[in-house]
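Colleague: Can you take me through this model? I would like to start with a helix and go on from there.

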Amino acid sequence: MAERVGNRAVIRRLAGWDRAIIALLVAFLVVAALTVDNFATGRNLSFLVLDLAPILLIALPMTLVVVTGEIDLSVASTLGLSSAVMGAMWQGGLPIETIIPLCLLLGLVLGAVNGLFVTVFGLPSLAVTIGTLALYRGLALVVLGDAAVAQFPGAYTSLVTGRTLGLPNLLLPLLVLSVVFAVVLHATPVGRSLFTMGAGVDAARFAGIRVARTKFWLYVLTGGVSALAGVLWTLRYASARADNGSGLELAVVAAVLLGGVSIFGGRGTLWGVVAGATLLAALQNALRLADVSTEALTVVTGLLLIVSVIAPNAAGAIRSALLRRRGGPTPPAAGEPSDPPPTTSPSVPSTSVRSS
Amino acid sequence: MTAPQETAEPAGRTPDKTAASRVAVLLRARELGIVLALAALVVVTTAVNPRFLSAQSVRDLALGAAILVVLAVGQTVVVITRNIDLSVGSVLGLSAFATGSLLQAAPGTPVVLALLVGTLVGGLCGLVNGALVRFGNVPALVVTLGTLYVYRGVCFFWAGGQQINADELPPAFLGFGTATLLGVPWLLLIALAVVLVAGFALRSYRSGRELYAMGSNPRAAVLAGVPVGRRLLVAFTVSGALAGLAGVLFAARFGTVDAASGTGDELEVVAAVVVGGVAVFGGSGTVYGAAVGALLLTTIGSALPVLAIDQFWQGAIVGALILAAIGTDRAVAARVAARLRRREAHRG
């Protein structure tokens, strides 16, 4: 009983920010469609989807990684390296049907390297992936230098950029992948175990969850998806360059956090992240159409990011202040200053007080 | 690296002098390792091309390293409290542009005032970061990632696409970028002063030690009566102020400032700090280590062309170095912890 009350309270608090970001997205889309010329056209939709694809694609596995309390900053470098290798192999005369699987395999290997450092050697993921961020981008430069490889087969590039029945080709795969990730995270034992890990590694281990193994495979998955994003990126622009997607890691992390995932792990929803990524891409797209400088976007992105983390805390603080005034049991404050507040454990003592 | 620090701190409980000194030796060895790596790099490069140690080349190296060293010191102050400041690159850009605009408008401004203004701009940015982290109760990684975008955006708005060129800056200021005192560039002297002052404050002042306590165990620091919130504000303000100072040095050294100055510097700074032996989870490391780390990264950059290694290898080498550094730290920490445990067991 107490457990269920606690869970429901947690879910309610979560749902707050998710709903806010989804509402914000819908409101923004409506306003943009009404006020920005050419925003709500099929042609623009396909640009929007193309802009969204790399961010959303990488944000999906990144959400799982962040939910477990880890982070992967090397994703954009993995994208760049896979793009560079793709270019080098295409230049070397390999058929594209061989190149693409090899690039994806490379991504899995790069992800496994991250996973190895984080799980087997037990190093902090932030430091490891800053290291591999530099390493992979550096290797991309070694592979391709500052050259650009172009002239990829038109059948493949138009497959990425084209439309069928008026809808961008990438839209359906993105939707399907989002649903698959959402189901895995929210409706399977694996997904539950990710949240448990994020809430407390020791507790997860005692509960029999294979923490290290799961995290390792998450990094492998993230590497593979990042390489896929690299392949799509290369085909979209029909250009393989070592600096493809530089700085994208920050946009991906911003999208994930904007979607309401706690950077400390254990909290967040996948649909929030999908909404967050879409909001970022739509903002960028609308501002470009409205001829507003892209600098405005950087300010808006930053402010949204800050608001997205402060708002839930502020709401929690207000709620606990209200409860205190009513004389009810005081739930713990929104989080201790410098300690990651595990989401489930604070609610357990408070609910047990309530039930006794 | 957190483990040895934690065991060294409650020295009053178990007056275990040998263990403590052994820990100290190993910690010193950590910084010694980077110094040795740096020395080896310099020796090899000089052997390949003796002109690497010519006065001109050393001076160029020192000027380049000075800016990164100042940034790394600020970052260290934040990282030892178990936080991170990703906005330093943007703060550098903002302060460089602010100083450039000031000097453009009032060419008579003395250099000291320019330095102060830049530091002040940076300090304000840092104070905002600190206030958000402290009062918003949110992780520094997210806040400073947000302000990274915001400060850079503000800088772009302000600049509006224009850039400040060397011929628009007063000669006195540009001269400061290359001027020397007794043969040592001013930029290097400033960087050295920053390192020494910060090193002394962190080592010998109560407030400095409290920063380590916060990073080592945040909850214990609160229980021990450390004014965590205030220290946090100070740490972020210092980091911002030093990034601002670095911005002025940047403007003086390069003479050309646009809105994109310092883009991406944050990762290089974090790399320097990590290579220098400052643990990303706080509680250990020194500004001296971070400064040597910054020096090492800069030296690698200028040694590659001399060694006839493709410049494109630089990023890969830096990445490998970061991984090696954190791997070594973990191995040393594990070995120290194991040895201390054995000793305890023996004493029974």
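Colleague: What should the 26 residues of α5(B) span at 1.5 Å a residue, and how far apart are its end C-alpha atoms?

Modeller: They should span 38 Å and the end C-alpha atoms are 37 Å apart, which agrees. The expected span is 1.5 Å times one less than the number of residues. Helices here are DSSP runs of H or I with at least four residues, strands are runs of E with at least two, and both are numbered from the N terminus. Bear in mind that this is a predicted model, in which local features need pLDDT of at least 70, side-chain atom pairs count only at pLDDT 80 or more, and totals for chains, interfaces and linings use all residues. Residues are numbered from 1 along each chain as its sequence is written, while chains are lettered from A and ligands numbered from 1 in the order in which they are written.

Colleague: What comes just after α5(B)?

Modeller: B:N137, with a positive phi of about 60 degrees.

Colleague: How many helices and strands does chain B have?

Modeller: Chain B has 14 helices and two strands. Its radius of gyration is 21 Å, close to the 20 Å from the globule rule for 348 residues, so chain B is as compact as a globular protein of that length. That radius is taken over C-alpha atoms, and the rule is 2.2 Å times the number of residues to the power 0.38.

Colleague: What share of chain B is buried?

Modeller: 51% of the 348 residues. Buried is 20 or more other C-beta atoms within 10 Å of the residue's own, exposed is 12 or fewer, and partly exposed is in between, with C-beta atoms placed from the backbone.

Colleague: Which residues touch the most other members of the largest nonpolar core?

Modeller: B:V69, B:V70, B:V73 and B:I322, in a core of 201 residues. Helix α2 (residues 42-67) of chain A gives the most to this core, 16 residues. A nonpolar core is a set of buried Ala, Val, Leu, Ile, Met, Phe, Trp, Tyr and Cys residues joined through C-beta atoms within 7 Å.

Colleague: And what does B:V73 touch, leaving out residues up to four places away in sequence?

Modeller: B:V194, B:V195, B:A198, B:L242, B:V287, B:A290 and B:A291. Contact means C-beta atoms, placed from the backbone, within 7 Å.

Colleague: Changing topic: how many residues does each chain put into the contact?

Modeller: Chain B puts in 45 and chain A 42. On the side of chain B that touches chain A, α6(B) gives the most, with 14 residues. That side divides into 31 nonpolar, ten polar and four charged residues. Nonpolar covers Ala, Val, Leu, Ile, Met, Phe, Trp, Tyr, Cys and Pro, charged covers Asp, Glu, Lys and Arg, and the others, Gly among them, are polar.

Colleague: Over in chain A, is α11(A) mostly covered or uncovered?

Modeller: Mostly covered, with ten of its eleven residues buried.

Colleague: Why is α12(A) called largely enclosed?

Modeller: Because 14 of its 20 residues are buried.

Methods:
Contact = placed C-beta atoms within 7 Å.
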